[in-house]
Amino acid sequence: MEILIALGVVLLIGILLFNTLVSRRNQCDNIFASIDALLKKRYNLIPNLVTLMKESMQYERGLLEKVTQLRSKAMKPGLTPKQKMSIADEMEGPLKGLMVSVENYPELKANEQIMQLMRTLNEIEEQIAAARRAYNQAVTDYNNAREMFPSSLIAAWFRFEPRELFEIPQAQRESVDIKSLLNK
């Protein structure tokens, strides 16, 4: 009888550890889906912004084309999460350049539609940053649960794979030279 009770307790602990791992893995997937939705919202906003800015920003054609090209690349089906985040990281530089360039065009700053789109884009960028922080926390919790004893035994047995944290590219870690951006 005592052996059955001990086996039942061990089985119950194993089930709890397994469920904890599944819950944390699903939380990572859920938060990544939120990031994906925000990126889609960002990419849907870009054509309107580019269309409105094209007429006024004759000297920024290269920047507008880069943004449009990256948006097309990001909208392709079948991209892996890593590819999606790579494109999103690549998009941040041109988008910031676009926002700074608007300062050089008084007619754009006076256009209410463009200013509304820029505010919306800024809000989306802040939401993406917040979602990335939440994702990194969920991945850290998941990876900790996956690697700590005794749940590491369950994770190894059921092959729970580690998740990667979002890390910003080296180029984005360097400080931004606002003066050179404004003098373009």
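Author: Let us begin with Arg159, which is exposed, with a relative accessible area of 67%. Exposed means over 50% relative accessible area, buried under 20%, and partly exposed in between (1.4 Å probe, protein chains only). The model is predicted, so local features need pLDDT of at least 70 and side-chain atom pairs count only at pLDDT 80 or more, while totals for chains, interfaces and linings use all residues. Residues are numbered from 1 along each chain as its sequence is written, and side-chain values use heavy atoms, with hydrogens and water left out.

Reader: Where does Arg159 lie, and what is the value of its phi?

Author: Arg159 belongs to the loop between α6 and α7; helices are DSSP runs of H or I, at least four residues, numbered from the N terminus. Its phi is near 55°, a positive value in a residue other than glycine. Another backbone feature is the cis peptide bond that joins Phe149 and Pro150, where omega is about 5°. Pro150 is found in the loop between α5 and α6.

Reader: How many salt bridges are there?

Author: Side chains of opposite charge can pair when their charged atoms come close. A salt bridge is counted when a side-chain nitrogen of Lys or Arg is within 4 Å of a carboxyl oxygen of Asp or Glu. By this rule there are nine salt bridges. One of them joins the side chains of Asp29 and Arg163, at 2.7 Å from N to O. Asp29 is in helix α1 (residues 2–54) and Arg163 in the loop between α6 (151–157) and α7 (170–173), so that pair links distant parts of the chain, 134 residues apart.

Reader: Which side chain meets Lys82 in a salt bridge?

Author: Glu164 does, at 3.7 Å from N to O. Glu164 lies in the loop between α6 and α7 and Lys82 in helix α3 (residues 81–101), so the pair ties together parts 82 residues apart in sequence. Both ends are exposed, Glu164 at 55% and Lys82 at 59%. Salt bridges may also form a network, as among Lys66, Lys73 and Glu90.

Reader: At what angle do the axes of α3 and α5 cross?

Author: They cross at roughly 145° and come within 12 Å; axes are lines fitted to C-alpha atoms over the stretch in contact, with angles from 0 to 180 degrees between N-to-C directions.

Key:
Helices (H or I, at least four residues) and strands (E, at least two) are DSSP runs, numbered from the N terminus.
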